[in-house]
Structure formats: C-alpha cells, structure tokens
Amino acid sequence: MVFIIARKAKLKDDGILFCGNNAKDVTGSMIYIRFANKQILLECGLLQDNSYLAAYKANSEKFKFKPDELDYVFVGHSHIDHIGLLPRLIKEGFHGKIIMTYPSSVMSKYLLLNCAFIVNDEARVLSKRYNREYEPLYTEEDVYKTLDYIYVYNEYNHVYRLDDVISFQWFKNSHCVGAAQLQLILNDGIKTKKILYTSDIGALNTKNHYVENTEIPVTFSDVSIMESTYGLNTRATKKTREFDVEHLRVAIETVLERQGSIILPAFSFSRSQELLTTLYLLFGENEDFKTDIVVDSMLTCDICQAYEDVLDSDFCELWTKVYNWKNVKYVREKVESKAWVNDPIPKIVISSSGFCTNGRILSYLDKYLRDINSMICFSGFVGTDDSYLSYRIKNGKAHKTININKVPVPNRADCITMSTFSSHANFDDLLKFGSNLNTNQLVLVHGSTEAKNCLKEHLREEISRNDKCYKVKCSEKDMIIPL
C-alpha cells in the first residue's frame, strides 16, 4: 500500500486524506474521503488549544475540500473536538447529511450551542487584545441551521445503505453515551472498499454506567483507522476503578469531617454524570448523608436532564434515581452560583471544565484552593505540563501559588487524581483492540507522535503473536491513502 504525503495538495482521486489535526495530535478530528465521485467527511472537530490565537488560526484555515460538494459527514460521538466545526461547515455551504446516533444528535445540540458561546467570546477577547476584528468562527444561528442537517441512524451492527455507492454500519463504543465506531462500505460496481474508523474508543470492559463495552469488529476492513490517545505504555496503570472509588469515598469522608469542601472539576458531558452516579452509589442510600452535592454548570444541567431522554430502560432506571437524588442541587444561574461559592457550609461541587481552562470551576478554585481543609479531586487526564491549570494544581510542590484570572492564589488544598475515570481506552485495551482486527492495514490517529510510535511498535509485536500480518502506520498531516 502506497502512502503519500501531499502538503498543500487536495485529494483529487479516490482515497483518504488525513486533513485534520487528529493526524498529528489529540484534537481536531477530520478525515476526508473520495470514492466514485462521492465525498465524505469523518467528523469535523474543533482544534482545542490553550492559546486562543493558535486555536483561532487553526480552526479558520481553509478546508482541503469544498463544503458544498460533500455528500455525508459521519460523527462517531459528540465531543467538541469531533463536532465543533460542523457549524462552520454549514456556514460555508454544506447541504448534505450529518449522520450520527440518536443520543449523539441530542448531545450535539447542547454542546454546539455552548461552543458557539465560547468561540464568540474568544473572538471578542482576541479583538480586544490585538486591536483588530476577529470574526467568530460561527454563531448560535449557524448551530441551529446545523441541527437541520443531522440524520439519525441508531442501530448497531446493522448495515444501512445510503445510496448506490455508500453503505455503513455502527459498532459499539463505550467512550460516551451515543458513541459508535463506523465501518464505511464503498462500492462503485467494480471494486469494494471497507474502512473502519474507531473515533475515540472507550474501555473493552468498561466501568462506566451508561454505556456497553467497546466491541472489536470481526468483519474485514481494507483500512482501519484507530485512535491512540493513551498509546504510551508509560501511562499504563494497575489501579482499578474500585480503587479510585474507594479513594474518593475516604477522601470525602475525611474532608467533610474536617469541615472542608470537595471540588470536582469535570467535563459537562459524560464525566459529570459518571461522577454524580458514583457519588449516588456511595452515599445515596445513606439517610445520614446530608451533604449538598452542587452541580454548577448550565451545560452540565442541560445534559443531565437530557440523559433521561436518550438512555435505554435499564440505564434510565439508575439515572432517574441519580438525577432525582435529594442531595443534588442543580445550579444554572450565575447569581445562585456565586452564592454557592461563598457559602461556607461543607459541600461537594461538580463543575466544568475538566482541565480548569474556563467556566465556573475557576470561581470555586479561587475560593477553595486557599483552604487547607478542602480538596480538589481530578478524574482522568490533567495535562502533561504546567500550561494546564489542572497540572499546576496537582503538582502543588512546584506551584505553591497559582494565578487564577490574573490573581495569585495560594495552592493549599489537598489534591487527588482518579485516573481510571478517563473515557479513553487505556494502553492495554488499545493493544488488544488493534492487534485483533481483520484488516489489511491499521493507521493510528488522535495521539501525540510519541504515543503513536510507541503503540505502533508494540502493535507490530502483538499482531505477529496473533499470527496476523497487517501493517501499522502512524498518520501524518496531509497524508493520503489511495483507494
């Protein structure tokens, strides 16, 4: 199989073009496919960066295709780094079908509307900072237009035929509610090509409460494209979810006993609901547990409410109990949020964002980082260097004072990290998944260069042990695979 690196070139013949930032890192998912005069996009994600300017420039770059010529966009799940440029696509002329599962379609509405607010605010900040006009990537109106182009296909392991050339099926994926792996089946009457795209994948044996295990597809694919976020074997951990849950229970009881508060920074979609469910299973049946659990984020509140609409019966039964737990206080308005921040009564707070980049969590950190009796509890990845506020908080010995909104704050609160709450498949799962495929070639995306190269070498060994012989390739920006 020939691989071509075509810098600045456009895909003119049948093939796969790795045009998104996920070709070289873990955000900005976008892959472009041409086949038999059909044009397809695998996701259309926003590049997320600590630098507003760098992100704005990257997300404003000209597409490597003409949006009005695309036939379909397939979405594996509704995180913003996978859907966040869809409104810009619509703004620039796309009028085809955006295909996703029903839960993803519901979550996309809330996440895209929130993203529209963020990109508008970032454009305002950039305009003020650099004294020139930065036009927002898109507006709330563009989001509502985008929703009109979403088509729901909700059944897993069922082949849907879209037209004479393109069919597809979903495979199960535990990454988040509504997540799916995609197999494209392309047939021009002479040749058939099958492409597996995992999107982000969750654990093969998940401990999350509202998803089923990620499956390893047994059907053949000519090309398989797999994420590699946790491709470094140095990130492997022997900790279990049970260990982290027990750690959290002890931490909460300890902090409450000393009259402190527990602050849980969390992503609004999936992570917040998992944490809330974990808290309910720990304390929900205990009538003596009176502590308020504050869910402080308008987006998180919207998604919590929407869970009841998208979950299947067994999952919905548990979530209904969690959602209606009398200890939980859902906070939408800023005035109410400020009151909770300043309330000295010990409490547990779940607020966004997970990396502490923005949102109401900053107000809680400003207040409670100073308090030696309180604790910050991270769940999942906290960043790799001190450009992340979450990383600086965790590494308190090196960062005894932290700037929040340009104000120095003493970093005195306790801090723990619960790594098993990550929604991404860990190294061992990636190795097992990637070495058990039925394919001609495997391409690694959505990982750092170091992570992809590490995983590639281990996959080659494991594939050989499994008596298979397909090749493993690390993606590069603007790489082309002819079809």
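Predicted model: local features only at pLDDT ≥ 70, side-chain atom pairs only at ≥ 80, totals over all residues.
**Exercise 1.** Determine how helix H4 and helix H8 are oriented towards each other, and which residues meet where they pack.

*Solution.* Begin with the geometry: H4 (residues 102-130) and H8 (residues 298-310) pack at an angle of about 165°, and their axes lie 10 Å apart. Angles over 145 degrees count as roughly antiparallel, and H4 and H8 are therefore roughly antiparallel to each other. The crossing in which H4 passes H8 is right-handed. Turning to the residues, H4 contributes Tyr102, Pro103, Val106, Met107, Tyr110, Leu111 and Asn114, which meet Leu299, Asp302, Ile303, Ala306, Tyr307, Asp309 and Val310 of H8.

**Exercise 2.** Classify the ring pair of Tyr130 and Tyr134, then that of Tyr323 and Tyr330, and decide for each residue whether it is buried or partly exposed.

*Solution.* The count of aromatic pairs comes to 20. In one of them, the ring centres of Tyr130 and Tyr134 are 6.3 Å apart with the planes at 55°, so this pair is tilted. Tyr130, at 37% relative accessibility, counts as partly exposed, whereas Tyr134, at 8%, is buried. For Tyr323 and Tyr330, the ring centres are 4.9 Å apart and the planes stand at 35°, so this pair is tilted. Because buried means under 20% relative accessible area, Tyr323 is buried at 17%, while Tyr330 is partly exposed at 22%.

How values were computed: Residues numbered from 1 in each chain as written. Heavy atoms only, no water. Axes fitted to C-alpha atoms, helices over the stretch in contact; angles between N-to-C directions. Helix = DSSP H or I, 4+ residues; strand = E, 2+ residues; numbered from the N terminus. Parallel < 35°, antiparallel > 145°, perpendicular 65-115°, else oblique. Left-handed = near helix turned anticlockwise from the far one by under 90°. Contact = heavy atoms within 4.5 Å. Phe/Tyr/Trp six-rings, centres within 6.5 Å; stacked < 30°, edge-to-face > 60°. Buried < 20%, exposed > 50% of the residue type's maximum accessible area, 1.4 Å probe, protein only.
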